[in-house]
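Please examine the sequence and coordinates shown here before reading on.

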Amino acid sequence: MAILTHLLTLLSATPLLYAAILPTQNPLPPPNPSSSSSNNDDETPLPVIIWHGLGDNYAADGLADVASLAEKIHPGTFTYIIRLDEDASSDRTATFFGNLTLQIDQVCSDLASHPILSTAPAVDALGFSQGGQFLRGYVERCNNPPVRSLVTFGSQHNGISEFQTCSSGDWVCKGAQGLLRSNTWSAFVQSRLVPAQYFRDPAQLDSYLEFSNFLADINNERALKNATYKANMEKLERFTMVLFEDDETVVPKESGWWAEVDEEGKVTELRDRDIYKENWVGLKGLDDRGALKFETTEGGHMQLSSKVLKKTFKENFGRLGRKFDDGEAEVIESEEEAEWQLEL
């Protein structure tokens, strides 16, 4: 009870959050004002923005390794790991507690005013777990600087129907779980508990559509559609969704491919759903021109090898004006591949 009371106190006094530049990042020269997506002469790779998942923080060693690998594959890549607070512990807490509408507004402001990212003609984006759908929210709601290629790993695009199990001794997670389960659809929980804002139980769809603070909106599931969301998504040149084959953390795991799983466990693939067929958020438009990709990777949630990430960076990121699927992205055979376990 004391822990829960402390968490409620934190929630009632949300601090102002700021973002800054990582001191180790590589500078990107300002783009030529005459450059465009059709100009293939500039070999400078686009910057890469990364949004981490639940329980992680921007300063984590694993994320630094990912950023370093991106630069290794495409030398000169400027990487920026999104954060909601410069204090790593507070940034982690913000993955559990906060209003996603305000958090994405902050990230929109941070990136639009960033001295390097704001001068780039576009950026590429990599989202891990919940960071993937948050990046999609960024694309739909502001997209400045614009995202050229978006890759998500194990992201809950169609929400979750169960909350994850907390690690032993993780009292921040356990406190959040207590609030999540107590009254998921209350205004208090929907404006303060991050996982509740992408909770989507097929047995509670009416409540979800009425009260969801985030996912029902960015998925354009309500009667009134936001045309800007669709238009911004259709500006992507590439949208790759990667599903973990043995994912037991995200329930249902098929959410990573935007599939629907009903109360009996029946799976309806994305292309058979109204959200696709009626093109609510531009997915059919992307698919019609070959820009929508469905991929799988072995292992459980966020069990990633450097080999998988190298392939991802080769295929989806790089210089402005590149043509995807042009043979540029040969799979790198490495003498020894390091395995990384990234937190959700």
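## Contact range and overall composition

Among the contacts in the chain with a separation of 6 or more, 75% join residues 24 or more positions apart. The model is a predicted one. Its chain comprises 13 helices and 10 strands, and 52% of its 344 residues count as buried.

## Nonpolar cores

In soluble globular proteins, nonpolar side chains tend to be buried together. The largest nonpolar core in this chain contains 48 residues. Those with the most contacts inside this core are Ile49, Val147, Leu236, Phe239, Trp258, Leu270 and Leu283. Helix α4, spanning residues 100-112, makes the greatest contribution to the core, with 5 residues.

Leaving aside residues up to four places away in sequence, Leu283 touches Met233, Phe239, Trp258, Leu270, Tyr276 and Leu292.

## Packing of α2 against α13

Helix α2 (residues 61-73) and helix α13 (residues 306-316) have axes that come within 10 Å and cross at roughly 50°. That angle lies between the 35 degrees under which axes count as roughly parallel and the 65 degrees at which roughly perpendicular begins, and α2 and α13 are therefore oblique to each other. The crossing of α2 past α13 is right-handed.

On the α2 side, Val66, Leu69, Ala70 and Ile73 make the contact; α13 supplies Ser306, Leu309, Lys310, Phe313 and Lys314. By residue class, this contact consists of 6 nonpolar, 1 polar and 2 charged residues.

Conventions:
Residues are numbered from 1 along each chain as its sequence is written. This is a predicted model: local features need pLDDT of at least 70, side-chain atom pairs count only at pLDDT 80 or more; totals for chains, interfaces and linings use all residues. Side-chain values use heavy atoms; hydrogens and water are left out. Axes are lines fitted to C-alpha atoms, for helices over the stretch in contact, and angles run from 0 to 180 degrees between N-to-C directions. Helices (H or I, at least four residues) and strands (E, at least two) are DSSP runs, numbered from the N terminus. Angles under 35 degrees count as roughly parallel, over 145 as roughly antiparallel, 65 to 115 as roughly perpendicular and the rest as oblique. A crossing is left-handed if the near helix is turned anticlockwise from the far one by less than a right angle, and right-handed if clockwise. Contact means heavy atoms within 4.5 Å. Ala, Val, Leu, Ile, Met, Phe, Trp, Tyr, Cys and Pro count as nonpolar, Asp, Glu, Lys and Arg as charged, and the others, Gly among them, as polar. A nonpolar core is a set of buried Ala, Val, Leu, Ile, Met, Phe, Trp, Tyr and Cys residues joined through side-chain atoms within 4.5 Å. Buried means under 20% relative accessible area, exposed over 50%, partly exposed in between (1.4 Å probe, protein chains only).
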